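Please keep the sequence and the structure in view while you read.

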Amino acid sequence: MRFDPVVLLLLLALAAAARADDDEPRTTPYRPSVSTPAALSAPGWLEIEAGWQHDDLGGGARRDSIPLTFKIAFDENWGVRLGNEAWVRQRADDAKRSGFGDTALVVKRRFGIDDDQAFGLEAGVVVPTGKSGIGFGSGKPDYAVNAIWSADFGGVWHTDINLLASRLGQTDPGASRTQWLFAAALSRQLDDRWGLVGEFSGTRQGGAEDSRQLLVAASYNVSKRLTLDAGAAKSLRRGDSTWSAFAGLTWLAARLF
């Protein structure tokens, strides 16, 4: 397993965090949950998310990946992000494949309601830049629209609810090209450093088996500009042994404008 990109980013982020000024903005982590918040990252700053994820797919099949995302907000209501898997290794039936993964481009619009609530709308495309069979997309361009509601309450609690509709470029015979994803996350900030998140998510697609997943994770704010996270997820389908473990970082890397 190659950790080089994540280790390099972590070292750079720790160096930047050590000299972060008190008046600088905070990170806005989207990872590690499936859902994303309505909020955007600090306007004018490049924010980078990176990590490592291990998926045990059952039956001896395994997948390791290094997800990488670059986020830029033009103001508090408009932003874009570019994400991909910088490296993937997949093992199944004594066969191994590795390489660069798929790439996703997302445009985001935030709609503020009040100081504690906001809606969000995302439109994105997944491009099959990875080798056939190892990417996170369908193998052809996939298009998606995501509706978001986010809210703070009780001073320490936060929730993100997502409903995403995808139009898949290709599917298995008999399966619908439309896939729905629902995700609801509830997080709590324990103090200035530590936070916890729990999330339930699932997919529905005509002609294919539904999926359900429970995720739990913890986060640690090294500074305003660096947040670390780690956690695990488990499939809730009966008889399914699929599970995942992950760790990563969100780094507010540099002011661009």
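The secondary structure of the chain comes to 1 helix and 13 strands, where helices (H or I, at least four residues) and strands (E, at least two) are DSSP runs, numbered from the N terminus. Read from the N terminus on, the elements run α-β-β-β-β-β-β-β-β-β-β-β-β-β. The chain has a radius of gyration of 18 Å, close to the 18 Å that the globule rule gives for 257 residues, so it is as compact as a globular protein of that length; the radius is taken over C-alpha atoms, and the rule is 2.2 Å times the number of residues to the power 0.38. The C-alpha trace spans about 55 × 40 × 35 Å along its principal axes.

This is a predicted model, in which local features need pLDDT of at least 70 and side-chain atom pairs count only at pLDDT 80 or more, while totals for chains, interfaces and linings use all residues. Residues are numbered from 1 along each chain as its sequence is written, and side-chain values use heavy atoms, with hydrogens and water left out.

Of the 257 residues in the chain, 40% are buried, where buried means under 20% relative accessible area, exposed over 50%, and partly exposed in between (1.4 Å probe, protein chains only).

On a 1 Å grid over the protein atoms alone, a cavity is a set of points where a 1.4 Å probe fits but cannot get out, whereas a pocket is an open set with protein on both sides within 12 Å along at least five of seven lines, and lining residues have an atom within 4 Å of a point. Grid points are joined across faces, edges and corners, and a volume is the space filled by probe spheres set on the points. The structure holds 1 cavity of 30 Å³ or more. Its lining includes Y30, K71 and R81, and the elements that give two or more residues to this lining are β2 (61-73) and β3 (78-92).

The second largest pocket is lined by 42 residues, of which T28, P29, H158, S187 and Q189 lie nearest its centre. The largest share of this lining, 5 residues, comes from β11. The table sets the two spaces side by side, with Ala, Val, Leu, Ile, Met, Phe, Trp, Tyr, Cys and Pro counted as nonpolar, Asp, Glu, Lys and Arg as charged, and the others, Gly among them, as polar.

| Space | Volume | Lining by class |
|---|---|---|
| Largest cavity | about 60 Å³ | 5 nonpolar, 2 polar and 3 charged residues |
| Second largest pocket | about 1100 Å³ | 14 nonpolar, 16 polar and 12 charged residues |

Y30 and K71, both in the cavity lining, also meet in another way: the charged end of K71 sits over the ring of Y30, 3.8 Å from its centre. A charge sits over a ring if NZ of Lys or CZ of Arg is within 6 Å of the ring centre and within 35 degrees of the ring normal. The charged end of R109 likewise sits over the ring of F111, 4.5 Å from its centre.

A cis peptide bond joins R31 and P32, with omega at about 10°, and P32 lies in the loop between α1 (4-18) and β1 (45-58).

Rings of Phe, Tyr and Trp (its six-membered ring) pair if their centres lie within 6.5 Å; planes under 30 degrees apart count as stacked, over 60 as edge-to-face and the rest as tilted. The count comes to 1 aromatic pair. The rings of W194 and Y220 have their centres 4.8 Å apart and their planes at 55°, so the pair is tilted. This pair links distant parts of the chain, with W194 in strand β10 (residues 194-205) and Y220 in strand β11 (residues 211-223), 26 residues apart.
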